[in-house]
Amino acid sequence: HVIRGFSGSVGFTGLWQNNYYEGRNLIPNFLMQSYGAFAIEHFTKNKTEFEFGIRYDVRQMSVVKRRVDNSLYQPRFNYNVPSATFGIVHNGDKYLIKGYVGSAFRAPAINELFINGVHHGSAKFEIGDEGLKPEKAFNSSINLIYNANKIVSLQVEAYNNYIIDFIYQLPQKPPVLTVLGAFPTFVYKQTNARLTGLDAEVTIQIRKNINLTSKASLLYARNLQTNSWIELMPANRFDNTLKIALPKKYLVEFGAVYTQRQNRTNDNVDYAPAPKAYTLFNLNLVKSFTIKKTKMTTIIGGNNLLNTVYRDYMNSFRYYADDLGRNIYIKIKFNF
């Protein structure tokens, strides 16, 4: 209900999670309970909307594990953190501007606290830190959506996040030698960090049935305590997609994705230098139709059509092998 431009809402959230495993485990057994309460207030005047929000979160976690000497160890964790947000949206005739500032928190995950072994999903030996504190972030962003006409539309978002006790993985040498072989070792660390970035998207209507969408994603992550780069952050990425609508509900999508080399790293920290830049070409042929009121979509496509040899910086398997080559697939989607 709106009263003199004001409208609001309150809510509560809850989560109960129990992890139990018999035998040798990568993370210990634990019981986690999370509770949260929030209140949001909107105020609208003319073409401008304001939003205020407050939230209080509680996370409790009980852990059961055994030490090296097989003695039982049962630590408990209790996190209580408030947060708040403020946002503003101004809707113009051909544009939309959004501004946001706020605080947030994230409690350490169970693996960040206690993992100590080979994570086979990432082929790394990971070591947690029981002393990790919750992350406390102070975020700000501004977003511009501009529709000049039916031919060009633009969306740009710039953000700056200052995070106290930012949790990240740091390579640690030498690798750990196990019965399965040597694995690169990564430990969970904390620092004060600043993450600054830009996401942009522009769509151009070349013809009535042809449009081109170009996207860019840039991220700069600094360790403020050591005045250095933070390792294992995504490199700059540029994505271009050409869409051609054909008769009888056919659609052709041709994409080219360029990923720069991640040059924002520190010397002699990682096990291997960042891979070189690469470009991947993708193609989709999409057909939509309806059978007895059921909407269906078939997609025949392929990724990395030129079978480019590359390694992705964010894929930990890059220490061992090249990334996926040419991949041809068929998909069928049903909308009920």
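This is a predicted model: local features need pLDDT of at least 70, side-chain atom pairs count only at pLDDT 80 or more; totals for chains, interfaces and linings use all residues.
User: Where is the place of Asp69, and between which strands?

Analyst: Strands (E, at least two residues) and helices (H or I, at least four) are DSSP runs numbered from the N terminus. Asp69 sits in the loop between strand 3 and strand 4, the latter covering residues 72-73. From Asp69 to Ile142 there are 73 residues in sequence, and their C-alpha atoms lie 53 Å apart in space.

User: Which residues is Asn139 in contact with, leaving aside its neighbours within four places in sequence?

Analyst: Contact means heavy atoms within 4.5 Å. Asn139, which lies in strand 9 (residues 135-147), is in contact with Tyr100, Val101, Gly102, Ala104, Asn160 and Asn161 once the neighbours within four places are set aside. Asn139 counts as buried because its relative accessibility is 18%. Turning to the protein as a whole, 58% of the contacts with a separation of 6 or more are between residues 24 or more positions apart.

User: How many residues has the largest nonpolar core, and which have the most contacts inside it?

Analyst: A nonpolar core is a set of buried Ala, Val, Leu, Ile, Met, Phe, Trp, Tyr and Cys residues joined through side-chain atoms within 4.5 Å. The largest one here has 14 residues, and those with the most contacts inside it are Phe30, Met61, Val63, Phe77, Ile110, Leu113 and Phe114. Strand 2 (29-45), strand 3 (48-66), strand 5 (76-91) and helix 1 (110-114) each give two or more residues to this core, and helix 1 gives the most, with three. Ile110 itself touches Ile27, Pro28, Phe30, Met61, Val63 and Ile115, when residues up to four places away in sequence are not counted. A second, separate core has eleven residues, among them Tyr159, Ile163, Ala193 and Ile230.

User: What volume has the largest pocket?

Analyst: On a 1 Å grid over the protein atoms alone, a pocket is an open set of points with protein on both sides within 12 Å along at least five of seven lines, a cavity is a set where a 1.4 Å probe fits but cannot get out, and lining residues have an atom within 4 Å of a point. The largest pocket has a volume of about 820 Å³. It is lined by 29 residues, of which the closest to the centre are Arg24, Asn25, Leu26, Ile27 and Asn116. Two or more lining residues come from each of strand 3, helix 1, strand 7 (116-119) and strand 8 (124-127).

User: Which residues line the largest cavity?

Analyst: The search of the whole structure finds one cavity of 30 Å³ or more, and the space in the largest cavity comes to about 30 Å³. Its lining consists of Leu219, Tyr220, Ala221, Trp229, Ile230, Met233, Gln262 and Arg264. Strand 12 (residues 210-223) gives the most to this lining, with three residues.

User: What is phi of Leu232 near, and where is Leu232 found?

Analyst: Phi of Leu232 is near 60 degrees, a positive value in a residue other than glycine. Leu232 is in the loop between strand 13 (228-229) and strand 14 (237-246), and it counts as buried because its relative accessibility is 19%. Asn268, also not a glycine, has a positive phi of about 60 degrees. Its loop runs between strand 15 (250-259) and strand 16 (278-291), and Asn268 counts as exposed because its relative accessibility is 75%.

User: Which residues does a cis peptide bond join?

Analyst: The cis peptide bond joins Lys173 and Pro174, with omega about 0 degrees. Pro174 lies in strand 10, which covers residues 152-178.

Notes. Residues are numbered from 1 along each chain as its sequence is written. Side-chain values use heavy atoms; hydrogens and water are left out. Buried means under 20% relative accessible area, exposed over 50%, partly exposed in between (1.4 Å probe, protein chains only). Grid points are joined across faces, edges and corners, and a volume is the space filled by probe spheres set on the points.
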